[in-house]
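Colleague: Could you take me through the side-chain packing and charge pairing of this model, with the criteria stated as they come up?

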Amino acid sequence: MRSILRNLITISIFFSPVTMAFADDGILFKSQRDYLASKGFTFDPYVIEDYVSVYKGGLIDNNTWLGRFDLVSELDLEKAGLFKGGLVHLDVLNAHGGLKPTADHMAGDLQTVSDIEATRSTRIYEGWYQQSLFNNVFSVKFGLIDLNSEFLVSDSGNLYINSSINLISSVWVSNNSDATYPEPVPAVRLKYSPNGSFDFLAGFFQGNALSNDVNAHSTHFGNAEGLLSIEEGQYHYKLPAEGGLPGTVKGGFWYNSSDGPNASTFNGIGSAILYDDNYGGYAMIDQRVFQINETQGLNVFFFGGGDPGDRNTLQGSIAGGLNDIGLIPLRPKDVMGVAFTNSFFSNKLGASTGHGGSETTYEWTYKIQIRDGIFLQPDIQYVRHPNGDDAIKNAGVFMLRTEIHF
(Lines give C-alpha, C1' and ligand atoms only; values in the text may rest on other atoms or scores of the structure.)
Protein backbone atom coordinates (compact mmCIF):
# COMPACT_ATOMS: atom_id res chain seq x y z
CA MET A 1 0.00 0.00 0.00
CA ARG A 2 2.80 2.42 0.89
CA SER A 3 4.58 1.80 -2.41
CA ILE A 4 1.40 2.50 -4.39
CA LEU A 5 0.81 5.72 -2.46
CA ARG A 6 4.37 6.76 -3.22
CA ASN A 7 3.72 6.06 -6.91
CA LEU A 8 0.63 8.26 -6.85
CA ILE A 9 2.55 11.13 -5.26
CA THR A 10 5.41 10.67 -7.74
CA ILE A 11 3.03 10.82 -10.70
CA SER A 12 1.41 13.99 -9.32
CA ILE A 13 4.79 15.64 -8.84
CA PHE A 14 6.02 14.53 -12.25
CA PHE A 15 3.01 15.83 -14.12
CA SER A 16 2.69 19.09 -12.17
CA PRO A 17 5.39 20.97 -14.13
CA VAL A 18 4.00 19.58 -17.38
CA THR A 19 0.56 20.90 -16.50
CA MET A 20 2.05 24.23 -15.46
CA ALA A 21 3.69 24.46 -18.86
CA PHE A 22 0.28 24.33 -20.48
CA ALA A 23 -1.31 26.68 -17.95
CA ASP A 24 1.17 29.52 -17.48
CA ASP A 25 1.35 32.53 -19.78
CA GLY A 26 4.37 32.65 -22.08
CA ILE A 27 5.12 28.92 -21.84
CA LEU A 28 5.67 26.83 -24.97
CA PHE A 29 2.48 25.56 -26.66
CA LYS A 30 0.05 27.90 -24.87
CA SER A 31 0.09 30.48 -27.63
CA GLN A 32 -0.33 27.74 -30.22
CA ARG A 33 -3.30 26.32 -28.33
CA ASP A 34 -4.87 29.76 -28.03
CA TYR A 35 -4.38 30.33 -31.74
CA LEU A 36 -5.96 26.96 -32.61
CA ALA A 37 -8.87 27.68 -30.24
CA SER A 38 -9.51 30.98 -32.02
CA LYS A 39 -9.81 28.95 -35.23
CA GLY A 40 -12.23 26.51 -33.62
CA PHE A 41 -9.93 23.63 -32.68
CA THR A 42 -9.49 22.66 -29.02
CA PHE A 43 -8.01 19.63 -27.30
CA ASP A 44 -8.08 18.49 -23.67
CA PRO A 45 -5.90 15.53 -22.76
CA TYR A 46 -6.44 14.33 -19.20
CA VAL A 47 -5.64 11.35 -17.01
CA ILE A 48 -7.44 9.89 -13.99
CA GLU A 49 -5.71 7.35 -11.73
CA ASP A 50 -7.39 5.53 -8.84
CA TYR A 51 -5.65 3.66 -6.06
CA VAL A 52 -8.23 1.29 -4.53
CA SER A 53 -7.81 -0.59 -1.26
CA VAL A 54 -10.44 -2.89 0.24
CA TYR A 55 -9.16 -2.82 3.81
CA LYS A 56 -12.05 -4.67 5.43
CA GLY A 57 -14.62 -7.27 4.38
CA GLY A 58 -15.74 -7.79 0.80
CA LEU A 59 -14.42 -10.80 -1.07
CA ILE A 60 -10.73 -10.14 -0.42
CA ASP A 61 -8.60 -7.59 1.44
CA ASN A 62 -6.31 -6.26 -1.26
CA ASN A 63 -5.48 -3.21 -3.38
CA THR A 64 -5.35 -2.39 -7.07
CA TRP A 65 -4.77 0.41 -9.52
CA LEU A 66 -7.24 1.75 -12.10
CA GLY A 67 -6.70 4.41 -14.72
CA ARG A 68 -8.01 6.11 -17.83
CA PHE A 69 -6.38 8.50 -20.27
CA ASP A 70 -8.54 10.57 -22.63
CA LEU A 71 -7.50 12.68 -25.56
CA VAL A 72 -10.51 14.91 -26.27
CA SER A 73 -10.59 17.19 -29.30
CA GLU A 74 -13.29 19.37 -30.83
CA LEU A 75 -13.64 21.39 -34.01
CA ASP A 76 -16.12 24.28 -34.05
CA LEU A 77 -16.95 24.51 -37.73
CA GLU A 78 -18.38 28.00 -37.40
CA LYS A 79 -15.16 29.40 -35.89
CA ALA A 80 -13.22 27.53 -38.53
CA GLY A 81 -15.22 29.39 -41.19
CA LEU A 82 -16.80 26.23 -42.55
CA PHE A 83 -20.38 25.77 -41.33
CA LYS A 84 -22.54 27.66 -38.86
CA GLY A 85 -23.63 25.66 -35.80
CA GLY A 86 -21.51 22.60 -36.56
CA LEU A 87 -19.36 20.84 -33.96
CA VAL A 88 -17.17 17.73 -34.33
CA HIS A 89 -16.12 15.86 -31.18
CA LEU A 90 -13.63 12.99 -30.77
CA ASP A 91 -12.54 11.31 -27.53
CA VAL A 92 -9.95 8.53 -27.72
CA LEU A 93 -9.80 6.55 -24.47
CA ASN A 94 -7.19 4.25 -22.97
CA ALA A 95 -8.41 2.25 -19.96
CA HIS A 96 -5.53 0.71 -18.01
CA GLY A 97 -4.71 -0.80 -14.66
CA GLY A 98 -7.27 -3.17 -13.22
CA LEU A 99 -4.82 -6.02 -12.74
CA LYS A 100 -6.38 -8.91 -10.85
CA PRO A 101 -7.90 -8.74 -8.37
CA THR A 102 -10.01 -5.96 -9.85
CA ALA A 103 -11.90 -3.52 -7.64
CA ASP A 104 -15.29 -5.18 -8.09
CA HIS A 105 -13.80 -8.61 -7.43
CA MET A 106 -12.30 -7.26 -4.22
CA ALA A 107 -15.39 -5.51 -2.83
CA GLY A 108 -17.86 -7.97 -4.34
CA ASP A 109 -20.44 -5.22 -4.92
CA LEU A 110 -22.85 -4.68 -7.79
CA GLN A 111 -22.75 -0.88 -7.92
CA THR A 112 -18.93 -0.76 -8.38
CA VAL A 113 -16.80 1.49 -6.20
CA SER A 114 -14.97 3.22 -9.09
CA ASP A 115 -16.62 4.83 -12.10
CA ILE A 116 -13.48 4.45 -14.26
CA GLU A 117 -13.02 0.69 -13.90
CA ALA A 118 -13.10 -0.97 -17.31
CA THR A 119 -11.54 -3.75 -19.34
CA ARG A 120 -8.09 -2.63 -20.43
CA SER A 121 -8.34 -1.32 -23.98
CA THR A 122 -7.75 1.61 -26.29
CA ARG A 123 -10.91 2.68 -28.07
CA ILE A 124 -12.90 5.49 -29.57
CA TYR A 125 -14.89 6.53 -26.55
CA GLU A 126 -17.07 9.20 -28.15
CA GLY A 127 -17.06 10.43 -31.72
CA TRP A 128 -19.99 12.53 -32.91
CA TYR A 129 -21.18 15.46 -34.98
CA GLN A 130 -23.63 18.04 -33.59
CA GLN A 131 -25.60 20.56 -35.60
CA SER A 132 -27.32 23.46 -33.84
CA LEU A 133 -30.20 25.27 -35.53
CA PHE A 134 -32.41 28.32 -34.96
CA ASN A 135 -29.95 30.10 -32.62
CA ASN A 136 -29.38 26.93 -30.56
CA VAL A 137 -33.08 26.35 -29.92
CA PHE A 138 -32.77 22.93 -31.56
CA SER A 139 -29.80 20.61 -32.06
CA VAL A 140 -29.17 17.11 -33.35
CA LYS A 141 -26.18 14.94 -32.50
CA PHE A 142 -25.24 11.61 -34.04
CA GLY A 143 -22.33 9.18 -33.78
CA LEU A 144 -20.83 7.26 -30.86
CA ILE A 145 -22.46 8.81 -27.78
CA ASP A 146 -22.31 8.04 -24.06
CA LEU A 147 -25.90 8.12 -22.84
CA ASN A 148 -24.75 9.50 -19.47
CA SER A 149 -23.04 12.50 -21.07
CA GLU A 150 -26.42 14.27 -21.32
CA PHE A 151 -29.08 12.00 -19.83
CA LEU A 152 -29.37 11.12 -16.12
CA VAL A 153 -26.71 13.70 -15.24
CA SER A 154 -26.54 15.06 -11.69
CA ASP A 155 -24.04 17.92 -11.51
CA SER A 156 -23.59 17.31 -7.79
CA GLY A 157 -23.42 13.53 -8.19
CA ASN A 158 -20.52 13.86 -10.62
CA LEU A 159 -18.24 14.64 -7.68
CA TYR A 160 -18.38 11.06 -6.41
CA ILE A 161 -16.32 8.06 -7.45
CA ASN A 162 -18.90 5.29 -6.91
CA SER A 163 -20.55 4.48 -10.23
CA SER A 164 -24.10 4.57 -8.92
CA ILE A 165 -23.86 8.10 -7.51
CA ASN A 166 -23.01 9.25 -11.04
CA LEU A 167 -25.57 7.12 -12.86
CA ILE A 168 -28.77 5.54 -11.54
CA SER A 169 -27.86 1.88 -11.06
CA SER A 170 -31.29 0.52 -11.98
CA VAL A 171 -30.79 2.01 -15.46
CA TRP A 172 -27.29 0.79 -16.30
CA VAL A 173 -27.72 -2.63 -14.65
CA SER A 174 -31.06 -3.24 -16.37
CA ASN A 175 -29.52 -2.30 -19.72
CA ASN A 176 -26.36 -4.38 -19.12
CA SER A 177 -24.21 -1.21 -19.15
CA ASP A 178 -25.04 -0.65 -22.83
CA ALA A 179 -24.55 2.90 -24.13
CA THR A 180 -22.51 4.04 -21.12
CA TYR A 181 -18.83 4.12 -20.13
CA PRO A 182 -16.68 2.62 -21.47
CA GLU A 183 -18.74 1.39 -24.42
CA PRO A 184 -20.92 4.09 -26.03
CA VAL A 185 -22.92 2.94 -29.04
CA PRO A 186 -24.16 4.50 -32.29
CA ALA A 187 -26.93 6.91 -31.40
CA VAL A 188 -28.92 9.99 -32.33
CA ARG A 189 -29.76 12.69 -29.78
CA LEU A 190 -32.33 15.44 -30.31
CA LYS A 191 -32.55 18.50 -28.06
CA TYR A 192 -35.12 21.30 -27.90
CA SER A 193 -34.41 24.34 -25.70
CA PRO A 194 -37.21 26.89 -26.13
CA ASN A 195 -35.82 29.19 -23.41
CA GLY A 196 -33.31 29.26 -20.58
CA SER A 197 -35.58 27.29 -18.24
CA PHE A 198 -36.58 24.17 -20.15
CA ASP A 199 -34.74 21.50 -22.11
CA PHE A 200 -36.27 18.46 -23.75
CA LEU A 201 -34.04 15.60 -24.93
CA ALA A 202 -34.67 12.40 -26.83
CA GLY A 203 -32.04 9.78 -27.53
CA PHE A 204 -32.08 6.65 -29.69
CA PHE A 205 -29.25 4.21 -28.98
CA GLN A 206 -28.30 0.86 -30.39
CA GLY A 207 -29.65 -1.74 -27.97
CA ASN A 208 -27.93 -4.94 -26.81
CA ALA A 209 -24.49 -3.68 -27.84
CA LEU A 210 -21.63 -5.93 -28.90
CA SER A 211 -19.43 -7.25 -26.09
CA ASN A 212 -15.97 -5.90 -25.40
CA ASP A 213 -14.45 -9.17 -26.67
CA VAL A 214 -15.93 -8.48 -30.11
CA ASN A 215 -15.76 -4.68 -30.12
CA ALA A 216 -12.68 -3.80 -28.04
CA HIS A 217 -11.94 -0.62 -30.03
CA SER A 218 -15.52 0.62 -30.71
CA THR A 219 -15.06 0.12 -34.43
CA HIS A 220 -17.69 -2.60 -35.07
CA PHE A 221 -21.32 -1.53 -35.16
CA GLY A 222 -23.23 -4.44 -36.73
CA ASN A 223 -24.76 -7.67 -35.46
CA ALA A 224 -26.55 -6.01 -32.56
CA GLU A 225 -30.31 -6.05 -32.10
CA GLY A 226 -32.89 -3.76 -30.60
CA LEU A 227 -33.22 -0.07 -29.81
CA LEU A 228 -32.78 1.76 -26.52
CA SER A 229 -34.73 5.02 -26.45
CA ILE A 230 -34.70 7.57 -23.66
CA GLU A 231 -36.62 10.82 -23.21
CA GLU A 232 -35.89 13.45 -20.56
CA GLY A 233 -37.33 16.81 -19.54
CA GLN A 234 -35.32 19.37 -17.56
CA TYR A 235 -36.44 22.48 -15.66
CA HIS A 236 -33.81 25.00 -14.50
CA TYR A 237 -34.85 27.65 -11.97
CA LYS A 238 -33.72 29.88 -9.09
CA LEU A 239 -35.42 30.06 -5.74
CA PRO A 240 -36.26 33.64 -4.64
CA ALA A 241 -33.88 33.60 -1.68
CA GLU A 242 -30.34 34.82 -1.00
CA GLY A 243 -30.04 36.33 -4.44
CA GLY A 244 -31.42 33.26 -6.17
CA LEU A 245 -30.54 29.67 -5.30
CA PRO A 246 -30.17 27.67 -8.54
CA GLY A 247 -31.80 24.29 -8.94
CA THR A 248 -32.64 21.72 -11.61
CA VAL A 249 -35.38 19.09 -11.75
CA LYS A 250 -35.21 16.27 -14.30
CA GLY A 251 -37.43 13.36 -15.16
CA GLY A 252 -37.57 10.77 -17.88
CA PHE A 253 -38.23 7.25 -19.02
CA TRP A 254 -36.45 4.67 -21.17
CA TYR A 255 -37.47 1.71 -23.30
CA ASN A 256 -35.26 -1.10 -24.62
CA SER A 257 -36.71 -3.34 -27.32
CA SER A 258 -33.95 -5.97 -27.08
CA ASP A 259 -33.59 -8.99 -24.83
CA GLY A 260 -30.78 -9.16 -22.31
CA PRO A 261 -29.30 -11.49 -19.70
CA ASN A 262 -31.31 -9.75 -16.97
CA ALA A 263 -34.59 -10.15 -18.83
CA SER A 264 -35.55 -13.64 -17.70
CA THR A 265 -37.18 -15.51 -14.87
CA PHE A 266 -38.11 -19.15 -14.44
CA ASN A 267 -41.31 -21.12 -14.45
CA GLY A 268 -42.15 -24.03 -12.19
CA ILE A 269 -40.07 -26.56 -14.13
CA GLY A 270 -36.95 -24.39 -14.47
CA SER A 271 -37.45 -23.18 -18.03
CA ALA A 272 -36.55 -19.58 -18.84
CA ILE A 273 -39.37 -17.14 -19.51
CA LEU A 274 -37.99 -14.46 -21.83
CA TYR A 275 -39.33 -10.95 -22.17
CA ASP A 276 -39.13 -9.10 -25.47
CA ASP A 277 -38.41 -5.69 -23.98
CA ASN A 278 -37.55 -3.69 -20.90
CA TYR A 279 -38.43 -0.24 -19.58
CA GLY A 280 -38.20 2.10 -16.60
CA GLY A 281 -38.40 5.67 -15.33
CA TYR A 282 -36.47 8.08 -13.14
CA ALA A 283 -36.47 11.52 -11.51
CA MET A 284 -33.77 13.72 -9.99
CA ILE A 285 -33.21 17.08 -8.34
CA ASP A 286 -30.12 19.25 -7.77
CA GLN A 287 -30.62 22.22 -5.45
CA ARG A 288 -28.37 24.82 -3.84
CA VAL A 289 -29.65 25.50 -0.32
CA PHE A 290 -27.03 27.98 0.86
CA GLN A 291 -24.46 30.10 -0.91
CA ILE A 292 -21.67 32.50 -0.10
CA ASN A 293 -21.38 33.57 -3.72
CA GLU A 294 -22.08 32.09 -7.16
CA THR A 295 -19.27 29.53 -6.86
CA GLN A 296 -19.36 28.65 -3.14
CA GLY A 297 -22.18 27.10 -1.19
CA LEU A 298 -24.02 23.97 -0.12
CA ASN A 299 -25.79 21.78 -2.69
CA VAL A 300 -28.14 18.84 -2.09
CA PHE A 301 -29.20 16.24 -4.62
CA PHE A 302 -31.45 13.21 -4.82
CA PHE A 303 -32.49 10.85 -7.58
CA GLY A 304 -34.21 7.54 -8.04
CA GLY A 305 -35.40 5.13 -10.69
CA GLY A 306 -37.40 1.96 -11.07
CA ASP A 307 -38.17 -0.82 -13.54
CA PRO A 308 -40.14 -4.11 -13.61
CA GLY A 309 -39.04 -6.62 -11.00
CA ASP A 310 -40.14 -9.60 -13.07
CA ARG A 311 -37.30 -9.18 -15.59
CA ASN A 312 -34.50 -7.26 -13.88
CA THR A 313 -31.92 -7.97 -11.21
CA LEU A 314 -32.76 -4.56 -9.72
CA GLN A 315 -36.27 -3.23 -9.42
CA GLY A 316 -35.20 0.21 -8.25
CA SER A 317 -32.46 2.42 -6.83
CA ILE A 318 -32.04 5.76 -5.07
CA ALA A 319 -29.10 8.03 -4.28
CA GLY A 320 -28.57 11.37 -2.61
CA GLY A 321 -26.15 13.56 -0.75
CA LEU A 322 -24.80 17.02 -0.11
CA ASN A 323 -21.73 18.89 -1.37
CA ASP A 324 -20.01 21.80 0.35
CA ILE A 325 -17.97 23.96 -2.03
CA GLY A 326 -15.36 26.11 -0.33
CA LEU A 327 -15.88 24.74 3.18
CA ILE A 328 -12.40 25.93 4.16
CA PRO A 329 -12.14 29.71 3.57
CA LEU A 330 -8.58 29.47 2.24
CA ARG A 331 -9.62 26.67 -0.16
CA PRO A 332 -12.57 28.20 -2.09
CA LYS A 333 -12.48 25.65 -4.94
CA ASP A 334 -12.25 22.47 -2.86
CA VAL A 335 -15.40 20.35 -2.59
CA MET A 336 -16.36 17.98 0.23
CA GLY A 337 -19.27 15.60 -0.17
CA VAL A 338 -21.16 12.87 1.67
CA ALA A 339 -23.62 10.65 -0.19
CA PHE A 340 -25.31 7.27 -0.30
CA THR A 341 -26.67 4.97 -2.97
CA ASN A 342 -29.08 2.09 -2.45
CA SER A 343 -30.14 -0.55 -4.97
CA PHE A 344 -33.14 -2.81 -4.38
CA PHE A 345 -32.91 -6.34 -5.72
CA SER A 346 -35.95 -7.87 -7.35
CA ASN A 347 -38.24 -9.74 -4.99
CA LYS A 348 -39.54 -11.86 -7.88
CA LEU A 349 -36.09 -12.95 -9.08
CA GLY A 350 -34.45 -13.41 -5.69
CA ALA A 351 -34.77 -17.19 -5.64
CA SER A 352 -33.31 -17.66 -9.12
CA THR A 353 -30.55 -15.04 -9.00
CA GLY A 354 -29.29 -15.49 -5.44
CA HIS A 355 -29.67 -11.76 -4.74
CA GLY A 356 -31.96 -10.37 -2.07
CA GLY A 357 -32.74 -7.24 -0.10
CA SER A 358 -30.64 -4.24 -1.07
CA GLU A 359 -27.05 -3.07 -1.42
CA THR A 360 -26.20 0.26 0.19
CA THR A 361 -23.00 2.28 -0.19
CA TYR A 362 -22.02 5.33 1.85
CA GLU A 363 -19.32 7.62 0.48
CA TRP A 364 -17.27 10.50 1.85
CA THR A 365 -14.99 12.37 -0.52
CA TYR A 366 -12.92 15.55 -0.64
CA LYS A 367 -11.72 16.95 -3.98
CA ILE A 368 -8.66 19.16 -3.56
CA GLN A 369 -7.61 21.51 -6.33
CA ILE A 370 -3.82 21.59 -6.18
CA ARG A 371 -3.73 24.17 -8.97
CA ASP A 372 -5.57 24.70 -12.25
CA GLY A 373 -6.08 21.30 -13.86
CA ILE A 374 -4.60 19.21 -11.02
CA PHE A 375 -6.81 17.51 -8.43
CA LEU A 376 -6.27 15.05 -5.59
CA GLN A 377 -9.30 13.28 -4.13
CA PRO A 378 -9.23 11.00 -1.07
CA ASP A 379 -12.37 8.89 -0.81
CA ILE A 380 -13.85 6.44 1.70
CA GLN A 381 -16.73 4.07 0.93
CA TYR A 382 -18.59 1.56 3.07
CA VAL A 383 -20.58 -1.09 1.20
CA ARG A 384 -23.35 -2.78 3.16
CA HIS A 385 -24.70 -6.17 1.97
CA PRO A 386 -22.55 -6.33 -1.22
CA ASN A 387 -24.35 -7.77 -4.24
CA GLY A 388 -27.31 -8.68 -2.04
CA ASP A 389 -25.35 -11.77 -0.97
CA ASP A 390 -25.39 -12.69 2.72
CA ALA A 391 -22.12 -14.61 2.28
CA ILE A 392 -20.15 -11.44 1.42
CA LYS A 393 -19.06 -9.30 4.35
CA ASN A 394 -19.68 -5.57 4.45
CA ALA A 395 -16.75 -3.86 2.74
CA GLY A 396 -14.65 -0.86 3.75
CA VAL A 397 -12.89 0.81 0.81
CA PHE A 398 -10.26 3.55 0.71
CA MET A 399 -9.48 5.29 -2.57
CA LEU A 400 -7.16 8.03 -3.73
CA ARG A 401 -7.86 9.66 -7.10
CA THR A 402 -5.41 11.80 -9.02
CA GLU A 403 -6.78 13.84 -11.95
CA ILE A 404 -4.59 15.91 -14.25
CA HIS A 405 -5.68 18.02 -17.22
CA PHE A 406 -2.83 19.02 -19.51
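Colleague: How many aromatic pairs does the count come to?

Modeller: This is a predicted model, in which local features need pLDDT of at least 70 and side-chain atom pairs count only at pLDDT 80 or more, while totals for chains, interfaces and linings use all residues. Residues are numbered from 1 along each chain as its sequence is written, and side-chain values use heavy atoms, with hydrogens and water left out. Rings of Phe, Tyr and Trp (its six-membered ring) pair if their centres lie within 6.5 Å, planes under 30 degrees apart being stacked, those over 60 edge-to-face and the rest tilted. By this rule, the number of aromatic pairs is eleven.

Colleague: Why is the pair of phenylalanine 151 and phenylalanine 205 classed as it is?

Modeller: The two ring centres are 6.3 Å apart and the planes stand at 80°, so the geometry of phenylalanine 151 and phenylalanine 205 is edge-to-face. The pair links distant parts of the chain, 54 residues apart, with phenylalanine 151 in the loop between strand 5 (138-145) and helix 4 (163-166) and phenylalanine 205 in strand 7 (residues 198-206); helices (H or I, at least four residues) and strands (E, at least two) are DSSP runs numbered from the N terminus. Buried means under 20% relative accessible area, exposed over 50% and partly exposed in between (1.4 Å probe, protein chains only).

Colleague: Which geometry do the rings of tyrosine 160 and phenylalanine 301 have?

Modeller: Tyrosine 160 lies in the loop between strand 5 and helix 4 and phenylalanine 301 in strand 13 (residues 297-306), so the pair ties together parts that are 141 residues apart in sequence. Tyrosine 160 is buried at 0% relative accessibility, and phenylalanine 301 is buried at 4%. With centres 5.8 Å apart and planes at 45°, the pair is tilted.

Colleague: Which residues have the most contacts inside the largest nonpolar core?

Modeller: In soluble globular proteins, nonpolar side chains tend to be buried together. A nonpolar core here is a set of buried Ala, Val, Leu, Ile, Met, Phe, Trp, Tyr and Cys residues joined through side-chain atoms within 4.5 Å, and the largest has 32 residues. Elements that give two or more residues to this core include helix 5 (169-174), strand 6 (185-192), strand 12 (278-291) and strand 13. Its residues with the most contacts inside it are Leu147, Phe151, Leu152, Phe205, Ile230 and Tyr282.

Colleague: What does leucine 152 touch?

Modeller: Contact means heavy atoms within 4.5 Å, and residues up to four places away in sequence are not counted for leucine 152. On that basis, the residues touched by leucine 152 are Leu147, Asn166, Leu167, Ile168, Val171, Ile230, Glu232, Tyr282 and Met284.

Colleague: How many residues does the other core have?

Modeller: This other core lies apart from the largest one, and Val52, Ala118, Val383 and Ala395 are among its members. The number of residues in it is 21.

Colleague: How far apart are the closest N and O atoms of arginine 401 and aspartate 115?

Modeller: A salt bridge is a side-chain nitrogen of Lys or Arg within 4 Å of a carboxyl oxygen of Asp or Glu, and the count by this rule comes to nine. Arginine 401, in strand 18 (residues 393-405), and aspartate 115, in the loop between helix 3 (103-107) and strand 4 (121-133), are 286 residues apart. Arginine 401 is buried at 6% relative accessibility, whereas aspartate 115 is partly exposed at 22%. The closest N and O atoms of their salt bridge are 2.7 Å apart.

Colleague: Are arginine 189 and glutamate 150 buried or exposed?

Modeller: Their side chains meet in a salt bridge at 2.9 Å, N to O. Arginine 189 lies in strand 6 and glutamate 150 in the loop between strand 5 and helix 4, so the pair ties together parts that are 39 residues apart in sequence. Both arginine 189 and glutamate 150 are buried.
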